[in-house]
Amino acid sequence: MAATEVPQSGCVVDLKGQVALVTGASRGIGRAIAQRLAACGATACGVARSLDGLAETAEAIQEGGGIFEGLAGDVGKAEDVQRIVGEVEAKHGKIHV
């Protein structure tokens, strides 16, 4: 592949082995970001207020061969943010994105 060619997935970076934490991952821009990061190889950890809202995101990413974990919480609450970050780091290690 030439240096200027874009890989089939549309990714120009390889995120394999990296962990991405995406807020608002249940819909819209947040869902699109989680899907793209997973398509580039990252383990996408998506946050929304409920796990039910993340089901479609999880399904789309997993059907494409990506790795996704959904977490419920309100990022407007400091205690939820601390819990979510702690859970992701405990399970996946460092958050890269």
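Q: Helices (H or I, at least four residues) and strands (E, at least two) are DSSP runs, numbered from the N terminus; in what order do the elements of this chain run from the N terminus on?

A: In this predicted model, the elements follow one another as β-α-β-α-β-α. The chain has three helices and three strands, and among them are helix α1, at residues 28-39, and helix α2, at residues 55-63.

Q: What makes the radius of gyration of the chain agree with that of a compact globule?

A: A compact globule with 97 residues would have a radius of gyration near 13 Å, and because the chain has 14 Å, the two values agree. The C-alpha trace, followed along its principal axes, spans about 45 × 25 × 20 Å. Of the 97 residues, 33% count as buried, and of the contacts between residues at least 6 apart in sequence, 55% join residues at least 24 apart.

Q: Why are helices α1 and α2 called roughly parallel to each other?

A: The two helices pack at an angle of about 25°, with their axes 10 Å apart. Angles under 35 degrees count as roughly parallel, and therefore α1 and α2 are given that description. Their crossing is right-handed.

Q: Which residues make the contact of α1 with α2, and how do they divide into nonpolar, polar and charged?

A: From α1 the contact takes R31, A34, Q35 and A38, while α2 supplies E56, T57, A60 and I61. Sorted by kind, the residues of this contact comprise four nonpolar, two polar and two charged.

Q: How do you know that T57 is buried?

A: Buried means under 20% relative accessible area, and T57, which lies in helix α2, has a value of 0%, so T57 is called buried. Leaving aside neighbours within four places in sequence, T57 is in contact with A25, S26, R31, A34 and F68.

Q: Why is I61 called buried as well, and which residues is I61 in contact with?

A: I61, also found in helix α2, has a relative accessible area of 4%, and because the cut-off for buried is under 20%, I61 is counted as buried. When neighbours within four places in sequence are set aside, its contacts are A34, Q35, A38, A44, G66, I67 and F68. The C-alpha atoms of I61 and E79 are separated by 28 Å, although these residues are 18 apart along the chain.

Q: Where is R31 found, and which residues is R31 in contact with?

A: R31 is found in helix α1. With neighbours up to four places away in sequence left out, R31 is in contact with G24, A25, S26, G53, E56 and T57. R31 and G46 are 15 residues apart in sequence, and their C-alpha atoms are 8.1 Å apart in space.

Q: What makes T43 count as buried?

A: T43 belongs to strand β2, which covers residues 43-48. Its relative accessible area is 14%, and since buried means under 20%, the conclusion is that T43 is buried. Apart from neighbours within four places in sequence, T43 is in contact with Q18, V19, A20, I67 and H92.

Q: Why is S50 called partly exposed?

A: The relative accessible area of S50 is 35%. Buried would require a value under 20% and exposed a value over 50%, so S50, lying in between, is called partly exposed. S50 is located in the loop between β2 and α2, and from C-alpha to C-alpha it is 4.8 Å from A72, from which it is 22 residues apart in sequence.

Q: How do you know whether D74 is buried or exposed?

A: The relative accessible area of D74 is 19%, which is under the 20% that sets the limit for buried, and therefore D74 is called buried. Its place is in the loop between β3 (67-72) and α3 (78-92). D74 touches R49 and D80, when residues up to four places away in sequence are not counted. D74 and E89 are 15 residues apart along the chain, with 18 Å between their C-alpha atoms.

How values were computed
Residues numbered from 1 in each chain as written. Predicted model: local features only at pLDDT ≥ 70, side-chain atom pairs only at ≥ 80, totals over all residues. Heavy atoms only, no water. Axes fitted to C-alpha atoms, helices over the stretch in contact; angles between N-to-C directions. Parallel < 35°, antiparallel > 145°, perpendicular 65-115°, else oblique. Left-handed = near helix turned anticlockwise from the far one by under 90°. Contact = heavy atoms within 4.5 Å. Nonpolar A, V, L, I, M, F, W, Y, C, P; charged D, E, K, R; others polar. Buried < 20%, exposed > 50% of the residue type's maximum accessible area, 1.4 Å probe, protein only. Rg over C-alpha atoms; globule rule 2.2 N^0.38 Å.
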